[in-house]
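Hi there,

Here is the structure I promised to pass on. Have a look at it first, and my notes follow below.

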Amino acid sequence: MPVHAADDSGEVLNALVRARLAEEGGAPAAALSALAAVSSVAPGLPGIRGRMLEQAIEAGDFDAARSAAQSLWTAGDRRFDAQLVLMVDAMRRSDWDAARTYMAGRVDKTGADTIARLITPTVNAWIDIGARKKFPEQHLLAVNSPTRPEPALTLQVALVQIAAKRADSAASLTDSITLTDRTSQLVGMRVAATLDKAGKSDAAGRLRGRIALASGQREDPMLLLPDQPVSTPREGVAQWLGILADGLARTPNGSAKLPLLFARAAYWLNDEDWAVRATLVEALDRNGQSEDAMALLDSGREELPAVLMMRRAELMAEAGDLTGAAKLAEAAANANPARGLLVRFADIARRSGDSAAAGRAYERLEAALGADEGDKALRGTLLIARADLLLQAGKWDEAQALMERAVTLRPGDASILNFAGYSALERRKDIEQSLARIEAAWRREPQNASISDSLGWAYFLTGRTDDAVNLLEKAQRGEPDNAVIVEHLGDAYWKAGQKFRARYNWRAAALLADAEMATRLTAKLRDGLTPATTAP
């Protein structure tokens, strides 16, 4: 089929090529512009409106998305993304009849449309709130099993009841809910904030007390955001679409497009919802649109919550601005010294080479720890992290003191034993004690390639060459792309008289090596193994 009968100049074909290149290059705005050019010349070209809708959603162009969705809907193409965009448009205009019509306008006769079933009851309930219908929660109750109710849907019932001015019913309902998963706990935080706003602080407090994520059992970045109540239909649908987007993004091997669709729709409904914005940031980043993600966290627009400041810092670091990222990360940790934010700050500081800032983060983390087993384990890890910074600065005595504290605190921790033993071994200090510690670590985790490497190298340094070769071969099988392990095995082969295999390994290590290792490997390949070229 010809592209277009009147396309004598090749205008349509050229625009299609530009659109495809822009799509493949992750430039949705440019792709949308090229597709619009095609549509103006060849409006009936098959598939053009669908592609325009998809690129408009990726680009965040609501007007273009609405126009493409309306064209598809009018032509009888009742695809889900068009339905969602048109429903959002109707809700933005408070046209409840139109919103209801769009929600009912796409019927899946097979019953297999799981995504639509996830959103339809909640959206219809909030549409009824806007239209001032009685008992809007009926849509949710109809799909929520009375014998095995879904806690997240039951909490949506509570939100709808509060919006319908029945806060007493909502408070009573929330007292009966068992929060079984992350989704229900995230919704629970929104319900608690809404109960507070409705004057039901006691019920809100009881609900918060049952949220494990918020009580320190597991820190979740979403729960470090400010509490925001949900009162209006747009707010209600936005928070639910945002939570669904977050859940879809966490599905292993899932599509990046569907979470982005839900997150865009939520943001178009309520761009003042911090949780929705955070979800859209993650959806954009997952879709390869990191610059767009960072633009949503432009600190010039307004003061960001600390967790979103930290996320912007991470995006800055990924873009190469490590110095700016470290400064912003420390500001975020100062604004909210939550454990998770301090860990993320330390990671960015280390990547930026700011060991002083990383040290401050580790010290603050350690000072905030208690005495339970979980905190003891983290304290040991922090002591090792601080020791590593000191080792990089050449401060052995200070680092050794921290490592000894870590070993005393966690004598059975394989990673701590291995780090302390190998760090001393690398500097040829306390060889026998270092060997004993690494052997203890290996007995606990014999399948750990790094520990097998440490023990193999310890055997090499203590003259047990055959044992060293056996363990280092095992380590290399576990991590074949680890340049340190490959070099160690090469050195062991040379000492064992297997010089051809030694040189083969050194050449392989050279393909993976940093500058310092590459220089050492070049000398070994030229002169063989000498005391000066033996791996550290």
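Helices (H or I, at least four residues) and strands (E, at least two) are DSSP runs, numbered from the N terminus. With that in hand, helix 21 (373-392), helix 23 (414-426), helix 25 (449-461), helix 27 (483-495) and helix 29 (515-527) each give at least two residues to the lining of the largest pocket.

A word on the source: this is a predicted model, where local features need pLDDT of at least 70 and side-chain atom pairs count only at pLDDT 80 or more, while totals for chains, interfaces and linings use all residues. Residues are numbered from 1 along each chain as its sequence is written, and side-chain values use heavy atoms, with hydrogens and water left out.

Now the chain as a whole. The protein chain has 29 helices and zero strands, and its C-alpha atoms fill a box of roughly 85 × 75 × 45 Å along the principal axes. Of its 536 residues, 50% are buried (under 20% relative accessible area, with a 1.4 Å probe and protein chains only). Among contacts (heavy atoms within 4.5 Å) with a separation of 6 or more, 55% join residues 24 or more positions apart.

Back to the pocket. Which helix supplies the largest share of its lining? That is helix 23, with five residues. In total 23 residues line the largest pocket, and Tyr422, Glu426, Val484, His488 and Pro536 lie nearest its centre.

Happy browsing, and do write back with any questions!

Methods. 1 Å grid on protein atoms, 1.4 Å probe; cavity = no way out; pocket = protein on both sides within 12 Å on 5 of 7 lines; lining within 4 Å.
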